[in-house]
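Keep the viewer open as you read, and pick out each pair as it comes up.

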Amino acid sequence: MSSRDAGKPRPGVLNGLSHVALAIWALLIILPLLWTFLASFKTNTEIFGDPLQLPGALRLDAWGRAWDKAHVGQYMLNTVIVVFFGTAGTMLFGSMAAYVLARYQFIGNKVIYYYFVAGLAFPVFLALGPLFFVVKQFGLLNSHIGLVLVYIAYSLPFTIFFLAAFFRTLPEAIAEAAKIDGASHTRTFFQIMVPMAKPGLISITIFNVLGQWNQYLLPLVLLAGDPDKWVLTQGIAKISTLAGYEADWPGLFAALSITILPVMVVYIIFQRQIQSGLGTGALK
């Protein structure tokens, strides 16, 4: 071994350190989630007496209180409706815009693309004031329609940025063959390009679902006046405030578990598709 290579860390050492770091990171994520889930089956005495002990019995009453008394069921339904239409609109408009910006050359193409990308650098809390008055002037304040439209606008920059890079990697020969066969631009996009871009579309769809599911500032500003239309993040904030007064900490942790479980299930089911989409885009 030369003196030049003597001071360099070996690949095996770096791999070992990376695995240790990943294991520590995984524990920091998994243990709080596991504790939250187990705490939903405990009593207040068990939670504050010995936080690390297992529940004395499998108690489901806290889950019932969270679902009915704390209205988590209604918040869940509102969230599913808003996130479904918000993600669907984002993927429809975002994929079409990304495809046009990536595959067609026209005056202002780069300007429009960078205009969308610039939205990634704009913190959402800076626009809350003007956004409130704009939505109010359209008569969409305290409505799910207004929140869905804002979610779409909020999610478009990253969606277009991600998918434009993905669409650029698709072979041009297939689009030209479809044009020769008489396929319109719309048919080429929906029947040929969209299926080819499926890995990237699935990946960005999951990211949009997670981002909109966990959004708090936008619903707080746009749905503040109607508690019946609140989403989960607003409901959990209210439950966490009331838990201190009512001493119903198991109900709070049950509500948190109900909020977390759907997101975990979605990620576990589509984990391979997410990794495939990100890996395909990176390799290309």
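D61 and R65 form a salt bridge, with their closest N and O atoms 3.1 Å apart. The model is a predicted one, and a search of the whole structure finds three salt bridges. The notes below take these pairs in turn and then move to M196 in helix α10.

**The pair within helix α4**
- Both D61 and R65 belong to helix α4, where they sit four residues apart, about one turn of the helix.
- D61 has a relative accessible area of 47%, so it counts as partly exposed, between the 20% and 50% cut-offs.
- R65 is also partly exposed, at 27% relative accessibility.

- E46 and R59 meet through their side chains in a salt bridge, at 3.0 Å from N to O.
- What does this pair tie together? E46 lies in helix α3 (residues 44-49) and R59 in the loop between α3 and α4 (61-69), so the bridge joins parts that are 13 residues apart in sequence.
- E46 is buried, because its relative accessible area of 13% falls under the 20% limit.
- R59, in contrast, is partly exposed, with 24% relative accessibility.

**The pair linking helices α9 and α5**
- A salt bridge also brings together the side chains of E172 and R103, with an N to O distance of 2.9 Å.
- E172 is in helix α9 (residues 172-180) and R103 is in helix α5 (residues 72-103), so this pair ties together parts that are 69 residues apart in sequence.
- Is R103 buried or exposed? R103 is buried, with a relative accessible area of 15%.

**M196 and its surroundings**
- M196 is placed in helix α10, which covers residues 185-196.
- With 26% relative accessibility, M196 is classed as partly exposed.
- Which residues does M196 contact, leaving aside neighbours within four places in sequence? They are F166, L170, P171 and I174.
- F167 is 29 residues from M196 in sequence, while the C-alpha atoms of F167 and M196 are 9.0 Å apart in space.

Key
Residues numbered from 1 in each chain as written. Predicted model: local features only at pLDDT ≥ 70, side-chain atom pairs only at ≥ 80, totals over all residues. Heavy atoms only, no water. Helix = DSSP H or I, 4+ residues; strand = E, 2+ residues; numbered from the N terminus. Buried < 20%, exposed > 50% of the residue type's maximum accessible area, 1.4 Å probe, protein only. Contact = heavy atoms within 4.5 Å. Salt bridge = Lys/Arg side-chain N within 4 Å of Asp/Glu carboxyl O.
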